[in-house]
There are 2 protein chains.
Amino acid sequence: MKTVAIVGTGLIGSSFGLALRAAGFDGEIVGVSSERALAGALAAGAIDRGAPLGDALVGADLVFLSQTIGRILDTIRHVNLMVKPGALVTDAGSTKCEIVDVARQSITRCQFLGGHPMAGKETRGPESADAALFQGRPWVLTPDEPSELDTEAATEFADWLERIGARQVVLDPLEHDRLVAMTSHLPQLASTALGATLADTRGTEVSGSGLIDMTRLALSSYELWRDILATNAEAIERALSLYIQELEHIRENLRTRQLQEEFERGARLAEKLRRARQD
Amino acid sequence: MKTVAIVGTGLIGSSFGLALRAAGFDGEIVGVSSERALAGALAAGAIDRGAPLGDALVGADLVFLSQTIGRILDTIRHVNLMVKPGALVTDAGSTKCEIVDVARQSITRCQFLGGHPMAGKETRGPESADAALFQGRPWVLTPDEPSELDTEAATEFADWLERIGARQVVLDPLEHDRLVAMTSHLPQLASTALGATLADTRGTEVSGSGLIDMTRLALSSYELWRDILATNAEAIERALSLYIQELEHIRENLRTRQLQEEFERGARLAEKLRRARQD
C-alpha cells in the first residue's frame with residue numbers, strides 16, 4: 001500500500017490520515033474534499049496534497065470514503081472507471097446495507113469492503129482531527145462474504161487498522177445495521193424525543209444533571225442524521241417499537257415491584273457497557 | 001436560629017451542615033441518623049454531635065429532614081409533640097404533594113415548609129459531603145400558601161439558603177411534582193427503559209459514547225427511586241404518555257422532513273438547559 005486517497009477530509013478522514021502517519025505509513029496521502037476541508041487537512045498534516053477525485057484515485061491502493069452516507073453512495077456510483085485494479089475501496093458510513101448493495105452493483109473493477117469506525121468527537125472538521133481517535137475503538141468491517149477479508153488488499157488494510165490501534169469487529173451488513181439501530185440510532189432518537197417532549201414545559205431550567213446527560217445527543221443536527229435514518233428506517237422502527245413497549249410496561253407498573261426488575265435489567269446493561277470500555 | 005437539627009446525615013444532610021458552617025453559622029448542629037452516618041458526619045465536621053430524635057428536636061429552631069421520602073413521611077407523622085413552638089420543620093424530599101399533605105395534618109405545633117434542594121453527586125453518604133454542593137443550584141420551596149414564606153422562621157431559613165449560595169425557587173407542591181415528573185423522573189425512566197430494552201441485545205459492547213451518556217441514570221438503584229415513583233405516579237404516567245406519543249410520532253416520520261422539526265425542538269430545549277446552567 002503506497003498511495004492512499006481520503007475522500008472527505010473532515011474529522012474522520014483527517015484523523016485517519018494522521019493515524020496512518022503516526023503508525024509509520026510513509027506513502028502518499030491524497031485528499032479529495034471541499035477547498036476548506038482540504039486546507040484544514042493540509043494544515044493538520046493529515047494529507048500531502050489535495051486533488052480532484054479522478055486524479056486522486058488513479059494511483060491509489062486504498063480509497064477511504066469518509067463522507068456523509070448520501071455522498072458515499074454518490075461517490076461509489078461514480079468511481080468504477082477511475083479506480084486502479086487491485087485497489088481496495090472502503091468507507092466510514094454509519095449504515096451499511098444500502099452502501100454495500102450499491103457498491104456490489106457499481107464497483108466491479110476492484111474490491112469494495114464496507115467499514116464503520118465507531119469513533120467521534122463533539123467537534124467536527126479537520127481542525128479536530130486526532131491521530132489517536134480510533135485507538136481502542138471498534139472499527140466494524142462488513143464483508144458480503146467472509147472470504148472478502150482474505151484478499152491481499154483487505155489483509156493489508158486490516159494490518160493498518162491494527163497498527164492505528166482500532167479494535168476490528170466483523171459483522172454482516174444487516175447484522176451491523178440492526179445493531180446500530182439499537183445501540184446508536186435508538187439512543188439518539190430517545191434523546192431527541194425527550195428534548196422535544198420537554199420543549200413546551202415551563203420551568204425546565206429548574207432541573208438536575210440527569211437531564212443534561214439525557215439531552216446531549218439531542219444537540220445533534222438533523223443534517224447529520226437524515227441519511228442515517230433514511231437508510232436504516234426499518235431496523236430503527238423495530239428498535240423504537242421495542243423501546244415504546246418497555247416504556248408502556250414501566251408506565252403500567254409504577255406502583256409495583258415489577259419495576260425493580262426493570263431497574264435491575266437497565267443497570268446491568270449500563271454496567272456491562274462500562275466494563276466493555278475499560279477492557 | 002441558634003440550633004439546627006439535621007435528621008438524616010447522608011450526602012444532602014451533611015452537605016447542608018457543612019454549608020451552614022462555611023456560611024458563618026455558629027450555633028449548634030445536632031445530627032439524627034444511623035450510627036454509621038453520624039460517625040461520618042462528625043468526621044466531616046458537618047454536625048457537632050449525634051442525638052436521638054427527641055433530644056435533638058427539643059431545642060432546635062430549624063429541623064431539616066434529609067432522609068428518603070418514606071422516612072421523611074414517617075418522621076413527620078411522629079415529631080409534632082417533640083418540636084419547639086416557633087421552630088421551622090423543612091425537608092429535602094424530591095416529591096412534595098404527599099409530604100406537604102401529611103405535614104399539614106401532622107405538624108400543628110410549629111411551621112412546616114416543604115423543600116427540594118436540586119443538587120446531588122454520583123457518590124452518596126457523609127463521606128461525599130461538600131459545603132459547596134448547593135451553590136448555584138435550585139432549592140425549591142413549596143409553601144401551601146405564599147404567606148408561609150413571610151414568617152420569621154421561614155425568612156431566616158431563606159436568608160441562610162441565600163448565604164449558602166442556593167438559588168431559591170418557589171413552586172406550588174403540585175406544580176413542583178408535575179415539573180420534576182418531566183425534568184427528573186421521566187429522564188430516569190427513559191434511561192432505565194433504554195437499558196432494559198438493550199439488555200438482551202447481543203453485541204452492545206460495539207457502541208459509542210452516546211449510549212454511555214444515555215445509560216448513566218440507568219445505573220441508579222430501584223431503592224432510591226421506589227418512593228419517588230410511588231408518591232408521584234400520576235404525574236409520571238402523564239409524562240411517560242407524552243414521551244411515548246413523541247416517540248410514536250418520530251417512528252411514523254423517519255422518512256419525512258417532519259423529523260427535522262423534532263430534531264430542532266429537541267436541540268432548542270437542550271441548548272436552553274445548557275444556557276440556564278451557565279447563568
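How many bridges join strand 4 of chain A to strand 5 of chain A, and in which sense do they run? I started my notebook with that one. I found four bridges between strand 4 (residues 62–65) and strand 5 (residues 88–91) of chain A, and the two strands run parallel. I picked out one pair to look at: Leu62(A) has Leu88(A) in strand 5 of chain A as its bridge partner. A reminder to myself: this is a predicted model.

**Entry: the whole of chain A**

I stepped back to see the chain as a whole. I noted 11 helices and eight strands in chain A. The radius of gyration of chain A is 21 Å, close to the 19 Å that the globule rule gives for 279 residues, so chain A is as compact as a globular protein of that length. I then looked up the box that the C-alpha atoms of chain A fill, which is roughly 65 × 40 × 35 Å along the principal axes. Of the 279 residues in chain A, 50% are buried. I also checked how far apart in the chain the contacting residues are: among contacts in chain A with a separation of 6 or more, 75% are between residues 24 or more positions apart.

**Entry: the sheet of chain A**

In what order do the eight strands of chain A lie? I read 3-2-1-4-5-6-7-8, in an open sheet with mixed pairing. At the edges I found strand 3 (49–50) and strand 8 (167–170) of chain A, and each pairs on one side only. Next I followed helix 1 (residues 11–22) of chain A, which lies across strand 1 (3–7), strand 2 (28–32), strand 4 and strand 6 (111–117) of chain A. This helix runs at about 160 degrees to strand 1 of chain A.

**Entry: strand 7 of chain A**

Is strand 7 of chain A mostly covered or mostly open? I found it mostly covered, with five of its five residues buried. Pro138(A), Val140(A) and Thr142(A) are buried on one side, and Trp139(A) and Leu141(A) are buried on the other. I then looked at its partners in the sheet. With strand 6 of chain A, strand 7 pairs in the antiparallel sense over four bridges, and Gly114(A) stands opposite Thr142(A). With strand 8 of chain A, strand 7 runs parallel, again joined by four bridges. There I saw Pro138(A) opposite Arg167(A).

**Entry: where the two chains meet**

I laid chain A on chain B: a turn of 180 degrees and a shift of 0.0 Å along the axis give an RMSD of 0.0 Å. That is the relation of a two-fold axis. The same surface serves both copies, as 100% of the contact residues of chain A recur in chain B.

I looked up the contacts next: 73 residues of chain A are in contact with 73 residues of chain B. Strand 7 (138–142) turned up again here, as one of the elements of chain A that each supply at least two residues to this side. Which helix of chain A gives the most to the side that touches chain B? I found that helix 7 does, with 16 residues. The residues on this side of chain A divide into 41 nonpolar, 19 polar and 13 charged.

**Entry: a look at chain B**

I finished with strand 1 (residues 3–7) of chain B, which runs parallel to strand 4 (residues 62–65) of chain B and is joined to it by four bridges. In this pairing, Ile6(B) stands opposite Phe64(B).

Definitions and conventions. Residues are numbered from 1 along each chain as its sequence is written. Chains are lettered from A and ligands numbered from 1 in the order in which they are written. This is a predicted model: local features need pLDDT of at least 70, side-chain atom pairs count only at pLDDT 80 or more; totals for chains, interfaces and linings use all residues. Two strands pair if DSSP finds at least two bridges between them. Two residues are in contact if their C-beta atoms, placed from the backbone, lie within 7 Å. Axes are lines fitted to C-alpha atoms, for helices over the stretch in contact, and angles run from 0 to 180 degrees between N-to-C directions. The radius of gyration is taken over C-alpha atoms; the globule rule is 2.2 Å times the number of residues to the power 0.38. A residue is buried if 20 or more other C-beta atoms lie within 10 Å of its own, exposed if 12 or fewer, and partly exposed in between; C-beta atoms are placed from the backbone. Copies are superposed by least squares on the C-alpha atoms of residues with pLDDT of at least 70 in both. Ala, Val, Leu, Ile, Met, Phe, Trp, Tyr, Cys and Pro count as nonpolar, Asp, Glu, Lys and Arg as charged, and the others, Gly among them, as polar.
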